[in-house]
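Subject: Structure handover

Hello,

Here is the structure for you to open. Please keep it on screen while you read the notes below.

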Amino acid sequence: MEDLLIETLKTAFGYPVKRQGSFLPNEKYPDHFFTFWNDSADSAGFFNNDENGIVWAYSLNFYSIDPAKVSAMPLEAKAALKAAGFIVGGAGYDVASDEATHTGRGLPVLYRQPA
């Protein structure tokens, strides 16, 4: 599912997409970028002792040097991800940045993978 998440965001917006926490200590942050973290990949249910799907849960974050872009991007990303089959709820939440030049906003993202 990570490949679909990454490809959807890169195709729609052209910004880098990295796993949360994967920047190297001396690596400079891009001006605008997404990060993601796989929070869980739990069974969607069972029938006759067989798993009938997996629900992938991600935290998706967008960071930027442009506060207006940080405010707008979650809703733009929500539309692109929904078109690709992801389930995205809400309007996002603030996320901390360890760089004074960047602010961030996050979204919960789900994908139900059939068995």
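Is S64 buried or exposed? S64 is buried because its relative accessible area is 1%; buried means under 20% relative accessible area, exposed means over 50%, and partly exposed lies in between, all with a 1.4 Å probe and protein chains only.

Some ground rules come before the rest. This is a predicted model, in which local features need pLDDT of at least 70 and side-chain atom pairs count only at pLDDT 80 or more, while totals for chains, interfaces and linings use all residues. Residues are numbered from 1 along each chain as its sequence is written, and side-chain values use heavy atoms, with hydrogens and water left out.

Overall layout

The protein has 2 helices and 8 strands. Both kinds of element are DSSP runs numbered from the N terminus, helices being H or I with at least four residues and strands being E with at least two. Along the sequence, the order of elements is α-β-β-β-β-β-α-β-β-β. The C-alpha trace spans about 55 × 30 × 25 Å along its principal axes. Of the 115 residues in the protein, 35% are buried. A contact means heavy atoms within 4.5 Å. Among contacts between residues at least 6 apart in sequence, 56% join residues at least 24 apart.

How the strands pair

Two strands pair if DSSP finds at least two bridges between them. Strand β1 (residues 17-19) runs parallel to β2, with 3 bridges, and V17 has F34 as its bridge partner in β2.

Strand β7 (residues 93-95) pairs with β8 in the antiparallel sense over 3 bridges, with V95 opposite G104. Strand β6 (residues 87-88) is joined to β8 by 2 bridges and is antiparallel to β8; here I87 has L110 as its bridge partner.

S64 and H32

S64 lies in strand β5 (residues 53-64), and H32 is in strand β2 (residues 32-43). Their side chains make a polar contact of 2.6 Å. A polar contact is a pair of N or O atoms within 3.5 Å; within protein, one atom must be able to donate a hydrogen and the other to accept it, and residues adjacent in sequence count only if both atoms are side-chain atoms. A polar atom of the S64 side chain also lies 2.9 Å from the backbone nitrogen of D66.

Leaving aside neighbours within four places in sequence, the residues in contact with S64 include D31, K69, V70 and T101. With the same exclusion, H32 is in contact with Y15, P16, F62, Y63, S64, I65, D66 and K69. H32 and G104 are 72 residues apart in sequence, yet their C-alpha atoms are 9.7 Å apart in space.

T35

T35 is another residue of strand β2. Why does T35 count as buried? T35 counts as buried because its relative accessibility is 2%. The side chains of T35 and Q20 are joined by a polar contact of 2.2 Å. Not counting residues up to four places away in sequence, T35 touches K18, R19, Q20, S59, L60, N61 and Y63.

R105

R105 is in strand β8. The side chain of R105 reaches the backbone oxygen of G92 at 3.2 Å. R105 and Y93 are 12 residues apart along the chain, and their C-alpha atoms are separated by 5.4 Å. Beyond neighbours within four places in sequence, the contacts of R105 include L60, N61, F62, V70 and P74.

The largest pocket

The largest pocket has a volume of about 210 Å³. A pocket is found on a 1 Å grid over the protein atoms alone, as an open set of points where a 1.4 Å probe fits, with protein on both sides within 12 Å along at least five of seven lines; lining residues have an atom within 4 Å of a point. The volume is the space filled by probe spheres set on the points, which are joined across faces, edges and corners. The lining has 15 residues, and Q20, G21, F23, Y29 and D98 lie nearest the centre of the pocket.

Regards
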